[in-house]
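Q: Hi! Could you walk me through this one while I have it open?

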Amino acid sequence: MEKIIKIDGKDIKFKSTAAYLFKYKAQFGRDAIQDMLEVSEAIDPKTMEVKEGKTLSLLVFYDMVWTLAKTADPTIPPPEEWLDGFEEFPLVDHMGDWMEMIRSTFKGTVQSKKKA
């Protein structure tokens, strides 16, 4: 899945593929699936806001977003340098788009043939 999202007046390409998982682990030393589960538990899917009583590490979410950008464009600089290139980075404004992209990395495309 690919999306172009306007950030700070610039069109930025983001991409999710199976390689996303490997790039995330290589860059941050953490499991992307585990981090995504923690993010999913903290975010209300209808409002895209943090659920009451839950906490969300924005650093983890920035890491996920950077990896989506890096998957789309291997030439982007390391996370801190890349983020410094923006005056504003409205993480929350596009959280739904990024969550959808990250989740698509984990979804299968084949329908189960099992009958319930």
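Predicted model: local features only at pLDDT ≥ 70, side-chain atom pairs only at ≥ 80, totals over all residues.

Q: OK, how many helices and strands does the chain have?
A: There are 5 helices and 2 strands. Going along the sequence, the pattern reads β-β-α-α-α-α-α.

Q: Let's zoom in on Met99. Where does Met99 lie?
A: Met99 is in helix 5, which covers residues 95–106.

Q: Is Met99 buried or exposed?
A: Buried: its relative accessible area is 1%, and the cut-off for buried is under 20%.

Q: Which residues does Met99 touch, leaving out those up to four places away in sequence?
A: Met99 touches Met36, Val39, Ser40, Ile43, Met48 and Phe61. Take Ser40: 59 residues separate it from Met99 along the chain, yet their C-alpha atoms are 8.3 Å apart.

Q: Back to the whole chain. Among contacts between residues at least 6 apart, what share join residues at least 24 apart in sequence?
A: That share is 64%.

Q: What about the surface: how much of the accessible area belongs to carbon and sulfur atoms?
A: The accessible surface comes to about 7500 Å², and 52% of that belongs to carbon and sulfur. Buried residues make up 36% of the 116.

Q: Last one: how far apart are the mean positions of the positive and negative charges?
A: They are 12 Å apart, for 17 positive and 20 negative charges.

Note on methods
Residues numbered from 1 in each chain as written. Heavy atoms only, no water. Helix = DSSP H or I, 4+ residues; strand = E, 2+ residues; numbered from the N terminus. Buried < 20%, exposed > 50% of the residue type's maximum accessible area, 1.4 Å probe, protein only. Contact = heavy atoms within 4.5 Å. Areas by Shrake-Rupley, 256 points an atom, 1.4 Å probe, with all protein chains shown as cover. Lys, Arg positive; Asp, Glu negative; His and termini not counted. Charge placed at Lys NZ, Arg CZ, Asp CG, Glu CD.
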